[in-house]
Amino acid sequence: MDFSGEYTTFKREELMQKVQMHMSERRFKHVLGVEETAIALAAKYGASEEKASIAALTHDYAKERPNEEFEMIILRDGYDQDLLNYGNAIWHGLVGASMVQRELGINDEEILEAIRLHTTGGAKMSLLDKIIYVADYIEPGRDFPGVKEARELALVDLDEAVAYETKHTLQHLIEKEQKIYPKTIETYNYWVVGKAAQINP
Ligand SMILES: [Fe+2]
Ligand SMILES: [Fe+2]
């Protein structure tokens, strides 16, 4: 796909190169898988395919940065200091978006928010947020029990796919006795419990 120049001054090939420079071969392959999936979901659900491509290409841009860099930015830039109690899994999205903005010059708030929310989700998610969140989970390189169901749901109902992913991610974290970032619980309460609660208060 050719970019319009509206959201980034880079051509797609240039943006791909910038991203590739910051990550392993394996992760870059994942990024391309997320991009392919995100563009397909954008076409299906009527979102901007260009924004889906840019957000997907940059969503893991900061994933391989050292912890010290994230900690420095969290201390310096007015983030909730509770973030310091978490790690790369949370930081690379929520804080990584600021690196995408600063280093790649991408200022579109919708794209940046999709990057911020790609790991935790949120109670409030735009169509693009949902597309990146789900594409990250179901891209062709993913292989885990349940990925087939997640892919099928994504083709039928994006909100159901968000709910499925949220529930299974949370289950996985609990199984491994990992710390849960509060926003992930917010996402669960809204997308997994919320709708049922409305029908059955
Ligand atoms: Fe990520
Ligand atoms: Fe990812």
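## A tour of the salt bridges and the iron site

Start by selecting Arg65, which counts as buried at 12% relative accessibility (buried is under 20% relative accessible area, exposed is over 50%, and partly exposed is in between, using a 1.4 Å probe and protein chains only). Before moving on, note that this is a predicted model, where local features need pLDDT of at least 70, side-chain atom pairs count only at pLDDT 80 or more, and totals for chains, interfaces and linings use all residues. Residues are numbered from 1 along each chain as its sequence is written, chains are lettered from A and ligands numbered from 1 in the order in which they are written, and side-chain values use heavy atoms, with hydrogens and water left out.

Helices here are DSSP runs (H or I) of at least four residues, numbered from the N terminus. Glu103 itself is partly exposed, at 37% relative accessibility.

Next, select Arg27 and Glu64, whose side chains meet in a salt bridge at 2.8 Å, N to O. Arg27 belongs to helix 2 (residues 25-45) and Glu64 to the loop between helix 3 (49-58) and helix 4 (67-76), so parts 37 residues apart in sequence are tied together.

Now go to Arg102 and Asp77, another salt bridge, at 3.2 Å from N to O. Arg102 is in helix 6 and Asp77 in the loop between helix 4 and helix 5 (88-94), so the pair ties together parts that are 25 residues apart. Arg102 is exposed, at 51% relative accessible area, while Asp77 is partly exposed, at 33%.

For a group of three, pick Arg12, Glu13 and Glu35, which are linked in a network of salt bridges. A search of the whole structure finds 15 salt bridges.

Finish at the metal. Which residues coordinate the iron ion (ligand 1)? Select Asp60 (OD), His92 (NE2) and His118 (NE2), at 2.1 Å (donors are N, O and S atoms within 2.8 Å of the metal, or 3.2 Å for Na, K and Ca; water is not among the atoms, so sites may look incomplete). Asp60 also coordinates the iron ion (ligand 2), which is 3.4 Å from the iron ion (ligand 1). Both His92 and His118 are buried.

Terms used:
A salt bridge is a side-chain nitrogen of Lys or Arg within 4 Å of a carboxyl oxygen of Asp or Glu. Helices (H or I, at least four residues) and strands (E, at least two) are DSSP runs, numbered from the N terminus.
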